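Have a look at the sequence and the 3D view below.

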Amino acid sequence: MIVLITGPSGSGKTSFIGSLMESNPRLAFSVSTTTRPMREGEANGVDYDFVDQSVFDELVADDAFVEWAVVHNNCYGTRRSRLDEMAAAGQIPVLDIDVQGGVNVIDIYQDDLVSVFLFPPSWEELERRLRSRDTDTSAVIDGRLATARQEVGFAPKYRYWIVNDDLEAAVNRMKAVITAEDCRRESFLRSPLV
Ligand code: 5GP
C-alpha cells in the first residue's frame, strides 16, 4: 500500500499528515527531493532532500524519480529508491505531493495506491486560513487561491475525499480509510486460514 495525500495550500495538510503519522508506526513519510531553498525549522533529509538544480537535473537524467514536477517555480520529485527502501522495510509510504505528481502516481500505481484529496471546509475558510498566515503578501495569497481552484479540479481522480473541517475528526476518517484498505482481500498474501 502507498498513501498519496494531496490538498491545496490552506487545506491543513501539514498538520493532518503530522497527526496521521503519529497514529500509526507503519506509516513512513516519503521525503521528496527539491530545489527549493530550505526554510527555517526544516532539516535536510527530514522535510526534504535539498539539492541544487544541477543535482536535480542529473537525477532526472538517471530516471531516479517516479514522478517530478515544478511547483511554485521549484522542482520537486519522489525518488524511486526511497519508495523501494520503505516497501522493503514493510512500511507504508505516505506521499505529500501536488496534483501534477499525484495524477502521475495514480496512473502508475493504480490499485496499489490509496489516493486522498484533502479539502478545506469552504472557499471562505481556505481564504481565511491563507490570510491569517501573515507571512505572505496579498498577491501571493491570491496566487495560492487561484492555484487551489485549479487543484480542486483534479479531485475526481482521487479515491477518497476528506474534508478537513476539524483536524481530529479528519484524521480519524483517514485512519478508517487505512483500516479499510488493510482489510481488502488484495492486501492479504494468502488466506489467513492456510
Ligand atoms: P512546500 O515547498 O510548501 O513544502 O511544497 C509545495 C508543494 O510541493 C506542495 O503542494 C507539496 O505537496 C508539493 N510537493 C512536495 N514534494 C513533492 C514531490 O515529490 N512531487 C510533487 N509533484 N510535488 C511535491
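## Sheets and helices

Strand S8 (residues 113–119) and S9 run parallel, with four bridges joining them. A quick word on the naming: helices (H or I, at least four residues) and strands (E, at least two) are DSSP runs, numbered from the N terminus. Two strands count as paired if DSSP finds at least two bridges between them. Before going on, keep in mind that this is a predicted model, in which local features need pLDDT of at least 70, side-chain atom pairs count only at pLDDT 80 or more, and totals for chains, interfaces and linings use all residues. Residues are numbered from 1 along each chain as its sequence is written, and side-chain values use heavy atoms, leaving out hydrogens and water.

Back to that strand pair: Phe117 has Trp161 in S9 as its bridge partner. Helix H7 packs on this sheet and touches strand S1 (2–6), S2, S8 and S9, with a direction that makes about 160° with that of S9. Here, touching or contact means heavy atoms within 4.5 Å, and angles run from 0 to 180 degrees between N-to-C directions, with axes being lines fitted to C-alpha atoms, for helices over the stretch in contact.

So what order do the strands of the parallel sheet come in? Five strands make up this open sheet, in the order S2-S7-S1-S8-S9. Strand S2 (27–29) and strand S9 (160–163) sit at the edges with a single partner strand each, so one side of each has no neighbour in the sheet. On average, neighbouring strands here are turned by 25° against each other, direction ignored.

There's also an open sheet of four strands, in the order S4-S3-S6-S5, and its pairing is mixed. Its edge strands are strand S4 (48–50) and strand S5 (65–71), each pairing on one side only. The twist from one strand to the next averages 25°. S5 and strand S6 (residues 74–79) are antiparallel partners over six bridges, and Phe65 stands opposite Arg79 in S6.

Helix H3 (residues 80–88) lies across S4, S5 and S6, running at about 35° to S6. One salt bridge (a side-chain nitrogen of Lys or Arg within 4 Å of a carboxyl oxygen of Asp or Glu) joins Asp49 and Arg82, whose closest N and O atoms are 2.9 Å apart. That pair links distant parts of the chain, with Asp49 in strand S4 and Arg82 in helix H3, 33 residues apart. The structure holds 16 salt bridges.

Now for the helix pairs:

| Helix pair | Angle | Axes |
|---|---|---|
| H1 (residues 13–23) and H7 (residues 167–182) | about 55° | 10 Å apart |
| H5 (residues 123–132) and H6 (residues 138–152) | roughly 145° | within 10 Å |

H1 passes H7 in a right-handed crossing, and H5 passes H6 in a right-handed crossing too. A crossing is right-handed if the near helix is turned clockwise from the far one by less than a right angle, and left-handed if anticlockwise.

Residues making the H1 contact with H7 include Phe16 and Leu20 of H1 and Val171 and Met174 of H7. They divide into seven nonpolar, three polar and one charged. Between H5 and H6, the contact residues include Trp123 and Glu127 of H5 and Ile141 and Arg144 of H6. By class, that contact has seven nonpolar, one polar and five charged residues. Ala, Val, Leu, Ile, Met, Phe, Trp, Tyr, Cys and Pro count as nonpolar, Asp, Glu, Lys and Arg as charged, and the others, Gly among them, as polar.
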